[in-house]
Amino acid sequence: MPRMAENAAVADVVHLDSDSDSDDGVGGRESASTIADAATVAPTECRSFWKAGENFVIPNVVTPTSPGLLEHARVHPRFLHSNATSHKWAFGAIAELLDNAVDEIQNGATFVKIDKINIVKDNSPALLFQDDGGGMDPTGLRKCMSLGYSSKKSNTTIGQYGNGFKTSTMRLGADAIVFSRSTRGGTSTQSVGLLSYTFLRKTGQDDVIVPMIDFDISKERPQPIIYGSPEDWAANLEILLKWSPFSTEDELLQQQFEDVGTHGTKVIIYNLWLNDEGIYELSFDDDDEDIRLRDESVNDGKRLHHKLLELRSHISYHLRYSLRAYASMLYLKKFKNFKIIIRGIPVEQFNIADEFRFPEIIKYKPHTATMEQASTEIKVGFVKEAPKLAICGFNVYHKNRLIRPFWKVTMGGDSTGNGVVGVLEANFIEPAHDKQDFERSSLFQRLEARLKKIVYSYWYTHCHVFGYHTYQMPADKSKKIAIPDQPPTVNTFNPSPLPSDKISQGGPIIREINLSNATSSRTVAVAAPHMRNSMGLRSNFQPVQLNPQPAAADTGNTLVGKSAGEISEENLQLFMRCEEYIKKENEIEQTVKSLEKELEEVKSKCARLALLVDAKKKEMQQV
């Protein structure tokens, strides 16, 4: 067959609208057909994902169906892009590919690695995904490349819609090439498939086609598996060499399989998308051990408030921009013999529930009018940073996979619920197609209402630990299992006792005082007025619990003989001192800002003077 020039023959290609099992086990296939002249239809290159669909030229003439084949509904290549827009978040697309590897644990997979590689052809970065699972035979690869086909319907596998590979790869880059080896029924095979938006766009296709080639490697020498004619097989190979990152057969068929072993899959996503500023959406240079999304909210070197800095140091913020942080929380149960490896370093799995303070487990049994669901456990507690950071929400998993991280079910505007975080696995509700949210079913709405009640109930029964007012709340009738946890007795955040002579120098002190007599016992916890705001307690808040003790020789700050009114008066005086120090702190911050502004002006003036001096020196040298 002559070498492809402007008009190239495409044979033995898979149509993405085929999701049926054909008798020959290789999915929908088309015999040799002619590709449109690329020179006449190639549109202007667009590397921004959200604009890539706008530049696809739709031909006026539809390519006729090949002789001997039935006319069929076509999937235009532009659908690949519009389908991928279901992933608003790039890490959501990466998680889909991680799910595929995790599903291979049942086939013996022990790792999945994600890394950046360089494409030699154009010296551009590409994204590599590789696992050592069972791999895909020719039939499996064609099903993977087909829309809507999924054999994952068990309780252990995550994928279910048969759409994840296409949407995720096309969300991350314009092109993806797949290498896979497997052994089925005593026959070992290796297959290569190319899903290329660039190829389809530049050759003006009006149907999604995927060139593939397969080999039988059971014998000493690999033998091509030919379903049509040798010319068709050769045409597919030629397309792969022209549009993939590899220019020679040795690179494509030998080098890329060297590290795959006898079984496994490798996916290379190249022509990665750019953002609106023309730089890569994924950042590989900010951290050699991570893959990051660019944080648009970063203030270029500007001084940030300490509360904002502390909030950004928490994993609830990190997971939005750090793939390593997101992957560490992506799966609820820790793997025993499986590792997620990012840029050569394994990810350490993390469950925030392991760090809860005063944790409780609440049983929840969802039900509908027609059936009852299995009960699930909701673990709830204060994060270890509470009340310093106003972190709250629920990490909701589905079949071990994180769907909604730190889902805030309460209304904002006050401090209620600050620091309360929960973790649960909700297999009774269905995730949305991008697996970043849930379908808005009646079960979901009931769960949301129940979680809201759990937050309020937990808050009002535990907030006194941090010096908030305790209000009366209706008893929560949920089945609770309290996990033993000793509440702090003195200064949870600073184990060393606070000397009495340093009280005036420290931050605000809230005292929890037990007033008891022969007839009653009650707890009084009063927060300072300046602390009762929408952000909760101040960051330098240091709660101190004072319990009545038997008479001692000299306690230095004894409460014996003091009435509740005297104690309240003492607290009020301390709060007034705190207000004074806060005012002074604000004044000092304003002074610092003013001095920084003056310093910048002086630096600018010095720079101008330096330029004038240099200009004078040059004039004197010329004279």
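Me: What should be kept in mind about the model and its numbering?
Reply: Residues are numbered from 1 along each chain as its sequence is written, and side-chain values use heavy atoms, with hydrogens and water left out. The model is predicted: local features need pLDDT of at least 70, side-chain atom pairs count only at pLDDT 80 or more, and totals for chains, interfaces and linings use all residues.

Me: Where is Arg343 placed?
Reply: Arg343 is in the loop between strand 13 (339-342) and strand 14 (345-346); strands are DSSP runs of E, at least two residues, and helices are runs of H or I, at least four, numbered from the N terminus.

Me: Buried or exposed?
Reply: Arg343 counts as buried because its relative accessibility is 17%, where buried means under 20% relative accessible area (1.4 Å probe, protein chains only).

Me: Which residue has its backbone oxygen 2.6 Å from a polar atom of the Arg343 side chain?
Reply: That residue is Phe284.

Me: How far is Asp287 from Arg343, in sequence and in space?
Reply: They are 56 residues apart in sequence and 9.9 Å apart C-alpha to C-alpha.

Me: Turning to helix 5, how many of its residues are buried?
Reply: Nine of the nine residues, 164-172, are buried, so helix 5 is largely enclosed by the rest of the structure.

Me: And Ser182, where is it?
Reply: Ser182 is in strand 6 (residues 173-184) and is buried at 1% relative accessibility. Its side chain reaches the backbone nitrogen of Asp137 at 3.2 Å.

Key
Buried < 20%, exposed > 50% of the residue type's maximum accessible area, 1.4 Å probe, protein only. Polar contact = N/O pair within 3.5 Å; in protein donor to acceptor, adjacent residues only side chain to side chain.
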